[in-house]
Amino acid sequence: MSTANLRDISTHPLSNVWLQKPLPRTKLPTRQRTTSESRDSVSTRVWWTMMACSVVAIASSTYLAWASFTSSAVAGCNGGSVFDCDHVLHSRWSSVLSLPVSIPAIATHALVIGLLLTRPSRHLMQTLRWTLIGFASLTAGGAAIWFIGLQVFALQHLCPYCLVAHAGGLVLAGVYLWARPVSGRALASISIASALSLATLITIQLMSEEPETYEVTHYPATPAAIHAVPQSGNLESEDANLFEAPVLFEAPTQSPLDTSMNLEKTIRQSGREVSQVLTALVSPALLLHAQVGGSNAQPREDNATSQAENQKTARVLGGIQLNSRDWPTIGNPDAEYIFVELFDYTCPHCQRTHKSLEGARQRFGDRLAVMTLPVPLDSRCNPTVRTTQAAHAEACQLAKLAIAVWLLDREKFSEFHNYLFESTPNYNQAIAHARSLVDQSQLDQVVAGPTPGEFISKHVSLYQKAGGGTIPKLLFPSTSTAGAVESSEAMVRLIEQHLAR
């Protein structure tokens, strides 16, 4: 093409269509672009992460709520040294306004899931949606920090299912803060509102009364009368005397302590007889004086025998009686108030109950005594236990050792009993301490003998009569409790309501 032709083209009226530069692209308004980009980002990574966190948290919280309302044991978490869901879920921090804390958690994460599934098109509704999601997310994260801190520092036990739910709340809050789908000013307001809601929750829990962590069972009749209920069904008429015949629950008949006492008594009697013969040979007058003195002292022996026959008994389970001097007892065997405790030295709930019981004993003083009957959570000496957990592997040995100390020296038993609960030693440490309290050779002989095991068998039998199940158990005249008593005040109330009354 010639230069003239090019010139003609450049001067043609339509040449600007071919030669002018492309027009610039029109930009969307800044506000619209921000909303659109936030929706796109949430619909992929952030949206799915937040949804997964809430789904996991709501699933774990729902299971815990079901376990709480049905009083069911939490699977795989029942009484270890660190992971103990039962302890965590029965503490004062496990509820708010008489509801399990898992219920507010379910509501919070359900709100997040519902809002995430909602996709409004209008900008105002989109902003409100993310404001509510932010409030729920930051509240869940703050509550997670509070409850994890309680488990670590206050309860010193962990609940794995609770930790899963708390982890979901923490990640949910972290992802929201990282995505920041709202303005900085709105985020500050959301944070303040979440902090106020968390402060309200903490205040309610601090001001609430500590819930009861034990269950009370009533026994209106003696075991003998249970099978003799009149056909009329009227238990308050002429057949009421059926409930007044207690059944004696006897201790094992043979024990090293009884044998040694009987041997010592025989030696003393033989010594007195030999002394009387020698006295008669030396001076008949002295023998006559001794006989007169002996006749004067005879009423004292008769009085001692009468006291032994009328020794103090504890009446439990509606009509079973236990003689206070035949069983391991903390306190004065002739105390005004006596009840029975079934426990295990390796049981964390029993250890906390022991602290509460010590506070109650300080309150009542010598008026209160407790028959302490160990029921080891160990299948080797307790046939009601199917599987022995690692935490209770030495439960039988510790129980037998405690009974052996009681058989040898009842004054040392209280000290050793408290040592086992407060120091939580293993068996090697416990037997070393026991040997420092009583004669080592006698202790080894008693521990190796059958008597401690026979006592434990009787304890387990009484435990079965009480219905088995949860320990510790406190047995009163017509009631029993199952479960930990967490405070001295609660223990004092129990004693006043079910024993002192």
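## Disulfide link

Cys381 and Cys396 are joined by a disulfide, with an S to S distance of 1.9 Å; the term denotes a pair of cysteine sulfur atoms within 2.5 Å. The structure is a predicted model, in which local features need pLDDT of at least 70, side-chain atom pairs count only at pLDDT 80 or more, and totals for chains, interfaces and linings use all residues. Residues are numbered from 1 along each chain as its sequence is written, and side-chain values use heavy atoms, with hydrogens and water left out.

The structure holds one disulfide. The link of Cys381 and Cys396 is left-handed, with -95 degrees about the S-S bond. Because Cys381 lies in the loop between strand S9 (368-374) and H13, and Cys396 in helix H13, the pair ties together parts that are 15 residues apart in sequence. Helices (H or I, at least four residues) and strands (E, at least two) are DSSP runs, numbered from the N terminus.

## Burial of cysteines

Cys381 is buried at 15% relative accessible area, and Cys396 is buried at 5%. Buried means under 20% relative accessible area, exposed over 50%, and partly exposed in between (1.4 Å probe, protein chains only). Cys53, at 10%, and Cys162, at 8%, also count as buried.

## Nonpolar cores

A nonpolar core is a set of buried Ala, Val, Leu, Ile, Met, Phe, Trp, Tyr and Cys residues joined through side-chain atoms within 4.5 Å. In the largest one, of 54 residues, Leu322, Val340, Phe416 and Leu462 touch the most other members. Helix H13 (residues 395-408) supplies the largest share of this core, ten residues. A second, separate core of 21 residues includes Leu116, Trp130, Ala173 and Ile190.
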